[in-house]
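The sequence and the model are shown first, and a description in sections follows.

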Amino acid sequence: MSKVDAKIRHITKSDANVFAELGFPPNEAKRYLAEARAQIQHTRCTQVPVAGEADAIGHRIIIPDEIR
């Protein structure tokens, strides 16, 4: 059985641009980071109102009419 190399070589700081660290040109890295942050914000905004609406018995998600 071969060993898996799981040594951590680099940790990206939370305020850094991971796309720049991966070698993307600066203008692309900024755009990708902005798009990623927008997608994360959109996902958070759409999940939070629905998160508390799960039916504890059937595990169904009840989506309020204002979100549909």
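## Asn17 and its surroundings

Apart from neighbours within four places in sequence, Asn17 is in contact with Ala29, Lys30 and Leu33 (contact means heavy atoms within 4.5 Å). Asn17 is located in the segment before α1 (18-21), and its side chain reaches the backbone nitrogen of Phe19 at 2.9 Å. With a relative accessibility of 16%, Asn17 counts as buried; buried means under 20% relative accessible area, exposed means over 50%, and partly exposed lies in between (1.4 Å probe, protein chains only).

## Basis of the model

The model is predicted: local features need pLDDT of at least 70 and side-chain atom pairs count only at pLDDT 80 or more, while totals for chains, interfaces and linings use all residues. Residues are numbered from 1 along each chain as its sequence is written, and side-chain values use heavy atoms, with hydrogens and water left out.

## Overall composition

The protein has two helices and zero strands. These elements are DSSP runs numbered from the N terminus, helices being H or I with at least four residues and strands being E with at least two.

Of the 68 residues in the protein, 7% are buried. The protein exposes about 6400 Å², of which carbon and sulfur atoms supply 58%; accessible areas come from the Shrake-Rupley method with a 1.4 Å probe, and for residues only the protein chains shown count as cover.

## Ala29 in helix α2

Ala29 is placed in helix α2 and, at 1% relative accessibility, counts as buried. Not counting residues up to four places away in sequence, Ala29 touches Asn17, Phe19, Ala20 and Phe24. Between Ala29 and Val18 there are 7.9 Å in space, C-alpha to C-alpha, although the two are 11 residues apart in sequence.

## Aromatic pairs and the nonpolar patch

Three aromatic pairs are present in the structure. The ring centres of Phe19 and Phe24 are 6.2 Å apart and their planes stand at 70 degrees, so this pair is edge-to-face. Rings of Phe, Tyr and Trp (its six-membered ring) pair if their centres lie within 6.5 Å; planes under 30 degrees apart count as stacked, over 60 as edge-to-face and the rest as tilted. Ring pairs join Phe19, Phe24 and Tyr32 into a cluster.

Phe24 is found in the loop between α1 and α2 (26-51) and is partly exposed, its relative accessible area being 35%. Together, Val18, Leu22 and Phe24 make a nonpolar surface patch of about 270 Å². Patches consist of residues with over 30% relative accessible area and no salt bridge; like charges are joined within 9 Å, and nonpolar side chains (Val, Leu, Ile, Met, Phe, Trp, Tyr) within 5 Å.

## Salt bridges

A salt bridge is a side-chain nitrogen of Lys or Arg within 4 Å of a carboxyl oxygen of Asp or Glu, and by this rule the count comes to two. Arg9 forms a salt bridge with Asp5, with the closest N and O atoms 2.4 Å apart. Both of these residues, Arg9 and Asp5, are exposed.

Glu35 forms a salt bridge with Arg31, where the closest N and O atoms are 3.5 Å apart. Glu35 and Arg31 both belong to helix α2 and are four residues apart, about one turn of the helix. Glu35 is partly exposed at a relative accessible area of 45%, and Arg31 is partly exposed at 42%.

Definitions and conventions:
Polar contact = N/O pair within 3.5 Å; in protein donor to acceptor, adjacent residues only side chain to side chain.
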